[in-house]
Amino acid sequence: MNRQAQAVVLLLLGGAVLKASLTDMYLRYVKEGLQPFLIGSAILLIAVAVMTLVHDLRPARRTAGAAVDRSAEEDHDHGHDHGHGGKGHHEPRVGWLLILPVLGLLLVAPPALGSYAAGQAGTALGSQPLSDYPPLPEGDPVRIGVLDYASRAIFDKGVSLGDRRVQLTGFVATGANGEPILARMILSCCAADGRPIKLGLAGDPPTGLAPDTWVDVVGRYSDRIAKDPVNDEEIPYLEVESWRQVDPPKQPYE
Amino acid sequence: MFGDRIGSVEVLAGLLILLVVFRGPVADAISGPRLQTWTTVFVSVMVQAVPFLVFGVVLSAVIAVFVPRTFWAKALPKHPALAVPVASCAGVILPGCECGAVPIAGSLIRRGVTPAAALAFLLAAPAINPIVLTATAVAFPQNPEMVVGRGVASLIVAMLMGWLWLRLGRADWIRLPHRPDLDGLSKGRAFFSAVRHDVVHAGGFLVLGAMAAACINVLVPERWLQTLADNPILSVLALAVLAVLLSICSEADAFVAASLSQFSLTARLTFLVVGPMVDLKLISMQAGVFGRRFAFRFAPATFAVAVLVAVGVGAVVF
């Protein structure tokens, strides 16, 4: 892999990351707070690529010494491509792999983690118990997060939920017995550590929806509890009054 | 490898054209839920790591180009055995995850820092920086001793590995990749040349590691872990191995450890101590930056020391 090819790969990588971080696309993969760092590093990558191309097209030949050094560098880079291929480490060849994340971002653009990942992992509620739960905000129905509802239902035994109507957004996944459940993934860093929060649906649950369909459900606290077969954690239920299909939210994770 | 008439740029251009033309079939081929999840995890590991990789590489290029060799001789104690703890504690000032630390450690060795100190820094930096310890405190609100245990155990492992390297390490195991000779170039040229080389090189190995981590993420169902959680010895080993396989960044692993609530606190501490020091993407990057002979000795040794120290510290604090 010569220097021009490296520059093109870096340009593509920087461009792909920049594109993803200037749209909402990066939110499918990482936390919102990473955005400025993504933009900064993407600009740096593009700058390095441009400077490499500029340096290559305008070789420094002001002094004889510099020109010799430059041609020596050229030889070394070529040496990687042809020379010690079999032994040691294949230095720049491994750089070809950097095309894969570029293709992943520009051509494939995979969706946020959904029902498949939710089925693979156990509900992650056990990780965040709070000591006390503040009263719900105003509103009827009051819009709260899936994680918030689940923690209040399990750790607060529904006390702070009372008889209030709550509105939750999540996607449909398949529960242990094939019935639809409501799930939302939570992230702490990137999708590699994404874990699901699962809710059972009692009352009038959404039917006939494909997994990964996003829904808005309105309902009340239910004291019914199931166990997640994956990790034996408790899955609370919601008594559903109504539901409607919605578009995937801009921020797919909680 | 492609002959002299067809250069890398032409190959690259041809490859990209083919992929754009066959975009539809390529997208269809990975539309199954399992492959799609694999792609999501792979892309997200890369996206998450890119800023840390780039800033780590830039810092290492600054070390290589702008910091004079004499600085390190003055900054670190002369005796290598004393330089190790100093370098370990210096890890506190680098709030990042492990992808950035590898090229920095490579750059330190190039600039004449004793490998033992640079390796201690490599192990300590991702594990004991303030961001990681704060994340641990947030993830374990009921167990503040987890933060202390993690900091202490990680520091001990980093120092032990540094000293172990002084006793047993051999200089010829480390084979830093050939980097274009920076002397004789202007500072600006040398800087961009170093950054370009290191991003392509370390980044390529990061891709390998991210692919491995995505495979584990998709292929190993959490259900398997459940059966191991009840046995005290197996649970420690299971989480230590899981930390290696999952390759989660050190700023997030505390939240994952907290969610593995069926495991003992000692097992989860082991997960937190091993993860930032040995994991698939780190092994891949270390093999790239320091050479395979190094990585295949250093990673297992670090793993063993980290597990033993974590269990020992766990016995004291919990």
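Which residues form one aromatic cluster together with B:Trp165? In this predicted model, the cluster is made up of B:Trp165, B:Trp173, B:Phe290, B:Phe294 and B:Phe298.

Over all chains, the count of aromatic pairs comes to nine. One of these is formed by B:Trp165 and B:Trp173, whose rings are arranged edge-to-face, with a distance of 6.0 Å centre to centre and an angle of 65 degrees between the planes. B:Trp165 has a relative accessibility of 11% and therefore counts as buried, and B:Trp173, with a relative accessible area of 14%, is likewise buried, since the cut-off for this class is under 20%.

B:Trp165 also forms an aromatic pair with B:Phe294, and this pair is again edge-to-face, at 5.6 Å centre to centre and with 65 degrees between the planes. Because B:Trp165 lies in helix 9 (residues 145-168) of chain B, whereas B:Phe294 belongs to helix 16 (residues 292-317) of chain B, the pair ties together parts that are 129 residues apart in sequence. B:Phe294 has a relative accessibility of 0% and so counts as buried.

In chain A, a contact of another kind involves a charged side chain and a ring: A:Arg224 lies over the face of A:Tyr237, at 4.0 Å from the ring centre, where the cut-off for a charge over a ring is within 6 Å of that centre and within 35 degrees of the ring normal.

Conventions:
Residues are numbered from 1 along each chain as its sequence is written. Chains are lettered from A and ligands numbered from 1 in the order in which they are written. This is a predicted model: local features need pLDDT of at least 70, side-chain atom pairs count only at pLDDT 80 or more; totals for chains, interfaces and linings use all residues. Side-chain values use heavy atoms; hydrogens and water are left out. Rings of Phe, Tyr and Trp (its six-membered ring) pair if their centres lie within 6.5 Å; planes under 30 degrees apart count as stacked, over 60 as edge-to-face and the rest as tilted. Buried means under 20% relative accessible area, exposed over 50%, partly exposed in between (1.4 Å probe, protein chains only). Helices (H or I, at least four residues) and strands (E, at least two) are DSSP runs, numbered from the N terminus.
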